[in-house]
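Dear colleague,

Please find below the sequence and structure that I am handing over to you. My notes on the model follow directly after them.

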Amino acid sequence: MSSINYTDKIPNNVNLSEDKTLQRALEHWQPNYLQWWNDMGPNGSNQMDVYLRTAVSTTPDGWAHFGHVKMPDYRWGIFLAQAENDRKINFGEEKGRAAWQDVPGEHRANLRRIIVTQGDTEPASVEQQRHLGLTAPSQYDMRNLFQINVEEGRHLWAMVYLLHKYFGRDGREEAEALLHRNSGDQDNPRILEAFNEETPDWLAFYMFTYFTDRDGKFQLNALAESGFDPLSRTCRFMLTEEAHHMFVGESGVARVIQRTVDVMRQHGVEDPAQVRALGVIDLQTIQRYLNFHFSVTVDLFGADQSSNAATFYSSGLKGRYEETKRDDDHLLKGQHYRILEVKDDKLQEREVPMLNSLNEVLRDDFIRDSIAGIGRWNRVIEKAGLPFRLSAPNKAFNRHIGGFAGHRISPDGRVLSEAEWAANERNWLPSEEDRAYVASLMGRVIEPGKMANWIAPPPVGINKQPIDFEYVRFN
Ligand SMILES: [Fe+2]
Ligand SMILES: [Fe+2]
């Protein structure tokens, strides 16, 4: 079950050929997917051979094969992690019963909604990133971008498989709609707001893959706990791919910082204008990008108080991050959680029922994980002997969803008047000038091993290849 069948038209480890109806339905969807990839996937990449990894099995050790692949020939397919024997529902009202191998009728609408919402984010990010190949700072980076893009495409396949297999006609319609909504489209946008934002430059890309792909990690972890076993197994394999996306983000930002502090030290400058004059990105601008991507991503977890979140949990559909490692009753009735709110013009904590706060619980887990990486970025600055430190803004900063929407909060958590906000916004969020400056640095570098001036080389290459390996053949 762990090895993958590549002789079928659709690579899979789910014995697809035994279910002819499903196979035909998915083979019918496949050309529509390829059309979408052609129209909305990485700009100008169709002739390139890219050094990509492809899944060959779903066992933890050695699942990946590396080799040059013409991008549209990538073998997208359906890979589920191995089934766990006798898996149980581990939380909620049906805790202790056998995990569902099929969709329980009473949970059908909610499960479909969960799968569609997750599925919608996958092609959205490909669309958001489609122009970035034109300005890649190196072959190494271009390859990483394309690796992420093909895997997000595969994550769409993962969700479409579930829709086709378990949701009949509705599922097939949803699978079509996933190809018709487009990021930023006025009439038919993607479902979640952060996935309609542009990813205009490579600093935004690294921040996106650090923060927003990490939202993916937490959502997938919560769904990997699901009592609906096919969803759990699908998400467990997706998580192995997601780790690389966050690595690209964390190491990308670290390399931008490394290059900036190297240039600052070499020339003995700290003033942002002088730093920019040397063609690298000042640390203040990096902080503003961080503030933007952090706050937009934090919104993705939804409202702090949510009866849907309570329902998804109590009915065993969506668990908490690391549900089975937690030492409580996994029912959460009568338990409480402290949430933050604006009261008397201050941020104050309030105790509320835990079940309604599960979005907030997941958001707080995400924030803890995010802050750890910011600490690693700060070590790069510290090592250079510079006093500047990056930090995560308060979780109430720049929010558009939940109780903070409509309030103006500073990065350090003060409730502000509209005038105070307006006077400071450009110190906290990227301004037009910031974005124009970063855009002015972007330009494609294609000579193997060479890097754009504003970014340091990576410490090592991909799959033990040298940094000046030919990761992309342009043909
Ligand atoms: Fe994904
Ligand atoms: Fe991802």
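Predicted model: local features only at pLDDT ≥ 70, side-chain atom pairs only at ≥ 80, totals over all residues.

Residues are numbered from 1 along each chain as its sequence is written, and chains are lettered from A and ligands numbered from 1 in the order in which they are written.

**Overall fold**

The protein chain contains 12 helices and seven strands; these are DSSP runs numbered from the N terminus, with helices being H or I of at least four residues and strands being E of at least two. Its radius of gyration is 23 Å, close to the 23 Å that the globule rule gives for 475 residues, so the chain is as compact as a globular protein of that length. (The radius is taken over C-alpha atoms, and the rule is 2.2 Å times the number of residues to the power 0.38.) Of the 475 residues, 45% are buried, meaning that 20 or more other C-beta atoms, placed from the backbone, lie within 10 Å of the residue's own. Among contacts with a separation of 6 or more, 70% are between residues 24 or more positions apart; a contact requires C-beta atoms, placed from the backbone, within 7 Å.

**The three-stranded sheet**

An open sheet has the strand order S2-S1-S7, with antiparallel pairing; two strands pair if DSSP finds at least two bridges between them. S2 and S7 stand at the edges with a single partner strand each, so one side of each has no neighbour in the sheet. S1 (residues 49–55) has five of its seven residues buried and is therefore largely enclosed by the rest of the structure. Seven bridges connect S1 with S2 (residues 64–70), where Ala 64 is the bridge partner of Ala 55. Two bridges join S1 to S7 (residues 472–473), and here Asp 49 is partnered by Arg 473.

**Helix H9**

In H9 (residues 307–314), the buried residues are Ala 309, Ala 310, Phe 312 and Tyr 313. They cover an arc of only 165° around the axis, which puts them on the same side of H9; the arc is that of the directions from the helix axis to the C-beta atoms. These buried residues pack against helix H2 (108–128) and helix H10 (358–383). Just after H9, Gly 316 adopts a positive phi of about 80°.

Yours sincerely

Notes:
Buried ≥ 20, exposed ≤ 12 C-beta atoms within 10 Å, placed from the backbone. Contact = placed C-beta atoms within 7 Å.
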